[in-house]
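Colleague: I would like to go through the labels on this model. Take me from each value to its cut-off.

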Amino acid sequence: MLLTIKKVKELYDISRITLINWEKEGLITPVRTPKGRRRYKKEDIEKLLGMLEEKPKPKVVLYARVSTKKQEEYLKNQIRRLEEYANSQGWQYEVIHEIASGVNENRRGLLKLLNKIKRGEVEKVVIEYPDRLARFGFEYLKFFMESFGVELIVLNGKENEEDANKELAEDLIAIVTSFAARIYGQRGKKHDSDTG
């Protein structure tokens, strides 16, 4: 909606001089009529007055993960290193972190990240190691992100071997536990139907 100087004064109590000064400062650009008269966009005026929230700019997301609660200290250090990197680049960022196995398919933090990417709210994702994002399927996730124009930055290629092996063992235990629960669950159902 385009407003005349008179209408701006009437609606917002902003003088002609203020409008001209805003224009000189580059804060506002009027639309000119064929006769050269200024018209102001209502949204531009309201944005300057703080009446309209600007859409949040796409952000950088730092994603950190560990498998178990015992690794909480490692998680804090991982976040600290990611933040140091983002700050050194001068980026505004959000941190998404979680304690969940790298083979867990229902990770809230990862789902939150993927939904933000789908909504166009993310420019870059920064992780410390590929395994932090996913134990398996890293390339699929990378492809998904890139298809939305998101750059995935991996700070270090290889994780500390001792930590990686320990976490891999915990992930394997999680897989075995999950399968065992399914098998025993199915056996229990079969047993119930046999006796019923």
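This is a predicted model: local features need pLDDT of at least 70, side-chain atom pairs count only at pLDDT 80 or more; totals for chains, interfaces and linings use all residues.

Modeller: The protein has 196 residues, and 33% of them are buried. It holds eight helices and seven strands.

Colleague: What share of the contacts with a separation of 6 or more comes from residues 24 or more positions apart?

Modeller: They account for 67% of those contacts. The accessible surface is about 13,200 Å², and carbon and sulfur atoms hold 51% of that.

Colleague: Which residues of helix α5 are buried?

Modeller: In α5, residues 108-118, these are Gly109, Leu110, Leu113, Leu114, Lys116 and Ile117.

Colleague: What puts them on the same side of α5?

Modeller: The arc does. They cover only 160° around the axis, so they share a side of α5. An α-helix has 3.6 residues a turn, so residues three or four places apart point the same way.

Colleague: Which exposed residues does the face turned away carry?

Modeller: Arg108 and Lys118. Just after α5, Gly120 has a positive phi of about 75°.

Colleague: Which residues make up the covered face of β5, and which the uncovered one?

Modeller: Glu94, Ile96 and Glu98 are on the covered face. Tyr93, Val95, His97 and Ile99 are on the uncovered one. In a regular strand the side chains alternate between the two faces of the sheet.

Colleague: How do you know that β4 and β5 pair?

Modeller: Pairing needs at least two bridges. Seven bridges join β4 to β5, and the strands run parallel. Arg65 stands opposite Glu98 in β5. With helix α4, residues 72-89, between them in the list of parts, β4 and β5 make a right-handed β-α-β unit.

Colleague: Why is the contact between Lys59 and Glu94 called a salt bridge?

Modeller: The cut-off is 4 Å from a Lys or Arg side-chain nitrogen to a carboxyl oxygen of Asp or Glu. Lys59 and Glu94 come to 3.5 Å, N to O, so the pair qualifies. Lys59 lies in strand β4 and Glu94 in strand β5, so the pair ties together parts 35 residues apart in sequence.

Colleague: What makes Glu94 buried but Lys59 partly exposed?

Modeller: Buried means under 20% relative accessible area. Glu94 has 16%, so Glu94 is buried. Lys59 has 31%, so Lys59 counts as partly exposed.

Colleague: Which residues are linked with Lys59 and Glu94 in a network of salt bridges?

Modeller: Lys112, Lys116, Arg119 and Glu121. Lys116 is also one of the buried residues of α5.

Colleague: How do you know that Glu23 and Arg32 form a salt bridge?

Modeller: Their closest N and O atoms are 3.7 Å apart, and the limit is 4 Å, so the pair counts. Glu23 is partly exposed at 22%, and Arg32 is partly exposed at 44%.

Colleague: And what are the values for Lys69 and Glu72?

Modeller: The closest N and O atoms are 3.3 Å apart, and the two residues form a salt bridge. Exposed means over 50%, so Lys69 at 57% is exposed. Glu72, at 31%, is partly exposed.

Colleague: How many salt bridges does the count come to?

Modeller: By this rule, 15.

Definitions and conventions:
Residues are numbered from 1 along each chain as its sequence is written. Side-chain values use heavy atoms; hydrogens and water are left out. Buried means under 20% relative accessible area, exposed over 50%, partly exposed in between (1.4 Å probe, protein chains only). Helices (H or I, at least four residues) and strands (E, at least two) are DSSP runs, numbered from the N terminus. The arc is that of the directions from the helix axis to the C-beta atoms. A crossover is right-handed if, with the strands pointing away from the viewer, the path from the first strand over the helix to the second runs clockwise. Contact means heavy atoms within 4.5 Å. Accessible areas come from the Shrake-Rupley method with a 1.4 Å probe; for residues, only the protein chains shown count as cover.
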